[in-house]
Amino acid sequence: MDKSYSFEQLWKDLNTGYQIYFTYMDVRYLLSKLKSNCYSKEVIKSADKSPHPKLQIITLKTVKELFPFMENIEYKVNIN
């Protein structure tokens, strides 16, 4: 991850409608904002017998705790 990319920038990107793809523990996820303090974390690519839940609804606190471990961050614009 780029050292100049901060959590505040990630939070701003989520608030402006970006969906964020990232890798955590060799599992690819899609992170998007649903409502205030409500985010979805969806598994995009994992091993066949992965114990990770396919979809989780998480809070901003969880996103903040996860941020230092995110790798390969990519963006997708949410057009609705």
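The legends below describe close-up views of a predicted model. In this predicted model, local features need pLDDT of at least 70 and side-chain atom pairs count only at pLDDT 80 or more, while totals for chains, interfaces and linings use all residues. Residues are numbered from 1 along each chain as its sequence is written, and side-chain values use heavy atoms, with hydrogens and water left out.

**View 1. Tyr-18 and Tyr-75 form an edge-to-face aromatic pair.** The structure holds six aromatic pairs, where rings of Phe, Tyr and Trp (its six-membered ring) pair if their centres lie within 6.5 Å, and planes under 30 degrees apart count as stacked, over 60 as edge-to-face and the rest as tilted. For Tyr-18 and Tyr-75 the centres are 5.4 Å apart and the angle between the planes is 65 degrees. Because Tyr-18 lies in strand β1 (residues 18–24) and Tyr-75 in strand β5 (residues 71–77), the pair ties together parts that are 57 residues apart in sequence; strands (E, at least two residues) and helices (H or I, at least four) are DSSP runs, numbered from the N terminus. Tyr-18 is partly exposed at a relative accessible area of 31%, and Tyr-75 is likewise partly exposed, at 37%, where buried means under 20% relative accessible area, exposed over 50% and partly exposed in between (1.4 Å probe, protein chains only). Tyr-18 and Tyr-75 also belong to one aromatic cluster, together with Tyr-5, Phe-7 and Phe-67.

**View 2. Lys-41 lies over the face of Tyr-29.** The distance from Lys-41 to the ring centre of Tyr-29 is 4.8 Å; a charge sits over a ring if NZ of Lys or CZ of Arg is within 6 Å of the ring centre and within 35 degrees of the ring normal. Tyr-29 belongs to strand β2 and is buried, with a relative accessibility of 2%. Not counting residues up to four places away in sequence, Tyr-29 touches Ile-20, Tyr-21, Phe-22, Tyr-24, Lys-41, Glu-42, Val-43, Ile-44 and His-52, contact being defined by heavy atoms within 4.5 Å. From C-alpha to C-alpha, Tyr-29 and Lys-45 are 7.1 Å apart in space, and they are 16 residues apart in sequence.

**View 3. Glu-74 and Arg-28 meet in a salt bridge through their side chains.** The count comes to one salt bridge by the rule that a side-chain nitrogen of Lys or Arg must be within 4 Å of a carboxyl oxygen of Asp or Glu, and for Glu-74 and Arg-28 the distance from N to O is 3.4 Å. Since Glu-74 lies in strand β5 and Arg-28 in strand β2, the pair ties together parts that are 46 residues apart in sequence. Arg-28 is buried, with a relative accessible area of 16%, whereas Glu-74 is partly exposed at 46%.

View 4. Glu-71 is partly exposed, at a relative accessible area of 43%. Between Glu-71 and Met-25, which are 46 residues apart in sequence, the C-alpha to C-alpha distance is 8.9 Å.

**View 5. Leu-34, Leu-55 and Ile-57 form a nonpolar patch on the surface.** Together these three side chains' residues have about 300 Å² of accessible area, from the Shrake-Rupley method with a 1.4 Å probe, where for residues only the protein chains shown count as cover. Patches are made of residues with over 30% relative accessible area and no salt bridge, like charges being joined within 9 Å and nonpolar side chains (Val, Leu, Ile, Met, Phe, Trp, Tyr) within 5 Å. Leu-34 lies in strand β2 (residues 27–35) and is partly exposed, at 45% relative accessibility.

**View 6. Asp-26 and Asn-37 each have a positive phi.** Most residues other than glycine have a negative phi. Asp-26, which is not a glycine, has a phi of about 65 degrees; Asp-26 lies in the loop between β1 and β2 and is exposed, at 75% relative accessibility. For Asn-37, phi is near 60 degrees, and this residue is found in the loop between β2 and β3 (38–45), where Asn-37 is partly exposed at 45% relative accessibility.
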